[in-house]
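User: Got a new model open here and I'd like to go through it with you. Can we start with one of the helices?
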Amino acid sequence: MKTDENARTAADGAPLLELDDVRTYFGHGSRRVHAVDGVSVTVGPGETLGLVGESGCGKTTLGRTIMQLERATSGRILFEGQDLAKLRGSRLDRVRPGIQMVFQDPRGSLDPQMRVAEIVGEGVRAVGRPARKARADRVAEIIERVGLSTEYLSRYPHEFSGGQLQRIGIARALIRSPRLVIADEAVSALDVSVQSQILNLLTGLQQDLGVSYIFISHNLSVVEYMSDRVGVMYLGKIVELGTAADIYNRPLMPYTQALLSATPEVADDRAQNGSAQGRRERIVLRGDVPSPVNPPSGCRFRTRCWMAQDICAAEAPELREVEPGHWSACHFSGQHAQGHTNEPAEALS
Amino acid sequence: MTHADRRLSAPGAQAPGAVVGAPPGGLLSVEDLRVHFTTKRGVVRAVDGISFDIQPGGRLGIVGESGSGKTITAMSIMRLLDPDGMVAGGSIWFRGRDLMRLGEKELRAVRGNDIGLIPQDPMTTLNPLVRVGQQISEALHAHQRIGRAAASARVVELLRQMGMPDPEAQAGAYPHQLSGGMRQRVLIAMALANEPELLVLDEPTTALDATVQAQILSLIRDVQDRTGSAILLISHDVAIISQMCTDVIVMYGGRIMERGATGQIMRDPKHPYTAGLIGSVPTGTRKGTPLTAIPGTVPDPSAMPAGCPFATRCDHVMDRCATAPPYSTLPDGRKIACWLHED
């Protein structure tokens with residue numbers, strides 16, 4: 001993890017990607033889903049921005065909006081200075097290879113009828129024999145870089161395990177030399193022992209190639225490990241943003257505190273009184289995430305928050321910089337919490 | 001009668017429920033259980049000779065990755081294997097009776113009454129056309145003589161205990177009208193309806209969001225404290241097992257690799273597979289520092305190595321590993337199957 005100082009520099013330099021008040025809505029009228037509702041964040045070159053949150057928080061839609069698989073309803077998506085939200089047709093196509101995506105389900109995202117060489121090389125146009133030869137060399141080079149043998153190039157997806165397929169998915173993303181890779185739950189479907197292989201691969205690729213990642217996952221410990229900075233999302237908004245150390249050691253927003261305390265850690269018998277259980281008190285939230293069709297007024301977390309006051313229903317809290325580089329969208333951030341608040345103010349059930 | 005039942009009532013089998021030899025102590029005792037599946041590629045030994053027991057009120061976890069045989073073990077205890085699976089050997093004693101020798105009728109009296117099952121996916125387990133309250137009261141009527149009004153009152157009481165807001169109204173809801181967390185509460189209520197002595201939970205929170213998972217785990221703890229029923233918790237998540245269970249079994253390739261007190265094993269895993277599994281959890285690892293990764297992938301179940309199933313991925317592999325290691329007991333009481341710990 002980088003220090004606050006480093007993270008600020010990463011964010012202060014010219015960003016690779018800058019999102020400015022991005023909104024992505026689906027549907028119309030009273031059934032309109034506010035999937036992404038005013039997100040502003042930057043990603044620096046070589047930086048990993050983690051996005052965490054539960055289902056329906058908009059993290060996947062945000063990734064797809066950056067990738068232009070969904071078009072933003074409003075806002076600006078500046079990638080290397082160009083606003084992707086404004087580009088259309090061939091002008092968009094020219095910019096697009098710079099951003100690639102790795103999906104959760106490699107089995108579903110790779111064409112079962114294509115050989116590995118075709119899957120990986122598909123994105124590269126090659127006209128004429130020398131170009132095809134160059135492409136084949138590049139495919140072989142990439143497939144070895146992701147830890148697979150070139151013998152696999154003539155095989156079909158069904159011959160591979162989930163971890164191997166994810167390596168193929170990563171190779172396909174890398175062949176066009178992207179500056180930004182969006183990994184959406186890229187290791188969630190994998191067994192734990194294979195998951196760490198893929199995380200090590202992604203880390204090594206970033207160190208070698210200087211690529212930036214947006215690492216989207218519901219798994220908090222994986223996001224902490226992978227990210228320089230982390231954005232916590234709830235119902236379409238980023239509710240807390242900071243370095244991984246800020247978010248995990250000094251969470252400001254009550255939702256982040258609850259989410260962290262809900263994540264079980266491996267407990268062993270070194271804990272007090274020899275019990276393997278209950279090493280840390282839990283904040284157990286009431287209820288489920290409300291529907292993004294009709295989100296609560298004011299602060300969207302207030303319906304489940306143990307600190308909610310009248311002001312929380314009346315006014316939506318802005319995401320504001322509570323301490324250098326550490327942003328929180330809570331009316332009470334900065335007043336109450338400096339320091340780790342994993343002791344619940346009041347346990348709810 | 002399922003395929004497995006037919007195999008089990010083959011000639012030579014005792015009368016259903018007959019006690020052969022002295023039944024082992026404890027609530028549940030699994031002895032040398034072997035489950036085989038017939039597939040196109042040959043016979044798969046999904047569970048290959050595992051033994052363990054649970055005391056009344058005990059909390060045992062089984063942790064393992066896909067293909068480890070953990071779910072098959074749970075389903076064998078419930079005698080709910082798919083038709084192409086068959087118990088090829090071993091016995092499952094529950095309160096002195098061998099479940100493998102019970103007929104379907106006697107089994108039905110055990111399932112849902114003495115042993116409750118909480119499955120992973122509430123949506124495919126609940127009947128989408130029947131109100132949830134009705135489904136819970138069916139579980140009650142199946143095992144007790146209880147009047148309609150008493151059953152409805154009990155349903156509402158159960159839902160209230162599960163922390164469902166407005167239980168009277170929720171009892172009238174259809175499954176699709178409830179969230180994933182609420183559906184899982186309904187299934188727990190159903191499993192608890194007849195106050196079973198053993199609850200088998202198969203990945204009970206895997207389909208749920210983190211904050212909802214925390215609610216359900218806390219509910220399971222409360223239920224266990226209140227009713228004193230034993231739990232057998234199956235999970236791929238080492239952290240959940242470490243928080244919920246006092247004892248743990250680590251499975252790989254249909255076998256038990258290591259078994260013992262959870263706290264001990266989490267602090268000081270002795271089997272290379274257990275060590276790799278715990279080391280794969282990134283919590284507390286600095287960004288940029290490589291994680292402990294177990295090389296390779298889980299072998300195809302139809303082509304498991306002959307000796308130790310983990311041999312193909314193990315850093316400590318030696319010639320002896322071509323022969324399956326025996327179970328030995330370490331001085332601290334844990335059981336382990338690894339040649340590294342054989343003197």
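User: Which residues are exposed on the other side of α6(B)?
Analyst: Ala149(B), Ala153(B) and Glu157(B) are exposed there. Keep in mind that this is a predicted model, where local features need pLDDT of at least 70, side-chain atom pairs count only at pLDDT 80 or more, and totals for chains, interfaces and linings use all residues. Residues are numbered from 1 along each chain as its sequence is written, while chains are lettered from A and ligands numbered from 1 in the order in which they are written.

User: And which residues of α6(B) are buried?
Analyst: Ala151(B), Val155(B), Leu158(B) and Leu159(B). A residue is buried if 20 or more other C-beta atoms lie within 10 Å of its own, exposed if 12 or fewer, and partly exposed in between, with C-beta atoms placed from the backbone. Helices (H or I, at least four residues) and strands (E, at least two) are DSSP runs, numbered from the N terminus.

User: Where do the buried residues of α6(B) fall, seen down the axis?
Analyst: Within an arc of 95°, so they line one face of the helix. That arc is taken over the directions from the helix axis to the C-beta atoms. In general, an α-helix has 3.6 residues a turn, so residues three or four places apart point the same way.

User: What covers the buried residues of α6(B)?
Analyst: The cover includes α5, α7 (167–171) and α8 (180–192) of chain B. Contact here requires C-beta atoms, placed from the backbone, to lie within 7 Å.

User: How do α5(B) and α6(B) cross?
Analyst: Helix α5 (residues 132–143) and helix α6 (residues 148–161) of chain B have axes that come within 9 Å and cross at roughly 115°. Axes are lines fitted to C-alpha atoms, for helices over the stretch in contact, and angles run from 0 to 180 degrees between N-to-C directions. On the α5(B) side the contact uses Gly133(B), Ile136(B), Ser137(B), Leu140(B) and His141(B), and α6(B) brings Ala151(B), Ser152(B), Arg154(B), Val155(B) and Leu158(B).

User: What comes after α6(B)?
Analyst: Gly163(B) follows, and its phi is positive, near 75°.

User: Which residues other than glycine have a positive phi?
Analyst: Among them are Glu80(A), at about 50°, and Asp32(B), near 50°. Most residues other than glycine have a negative phi. Glu80(A) is in the loop between β4 (74–79) and β5 (82–83) of chain A, whereas Asp32(B) is in strand β1 (residues 28–39) of chain B.

User: Are those two buried or exposed?
Analyst: Glu80(A) is partly exposed, because 16 other C-beta atoms lie within 10 Å. Asp32(B) has 11 within 10 Å, so it counts as exposed.

User: How many residues of α12(B) are buried?
Analyst: Six of eight, which makes α12(B) mostly covered. Pro272(B), Tyr273(B), Thr274(B), Gly276(B), Leu277(B) and Ile278(B) are the buried residues. Their cover includes α8 (192–209) of chain A, along with α10, β9 (247–252), β10 (255–261) and α11 of chain B.

User: What about chain A overall, how many helices and strands?
Analyst: Twelve helices and twelve strands, and buried residues make up 48% of its 349 residues.

Technical notes:
Contact = placed C-beta atoms within 7 Å.
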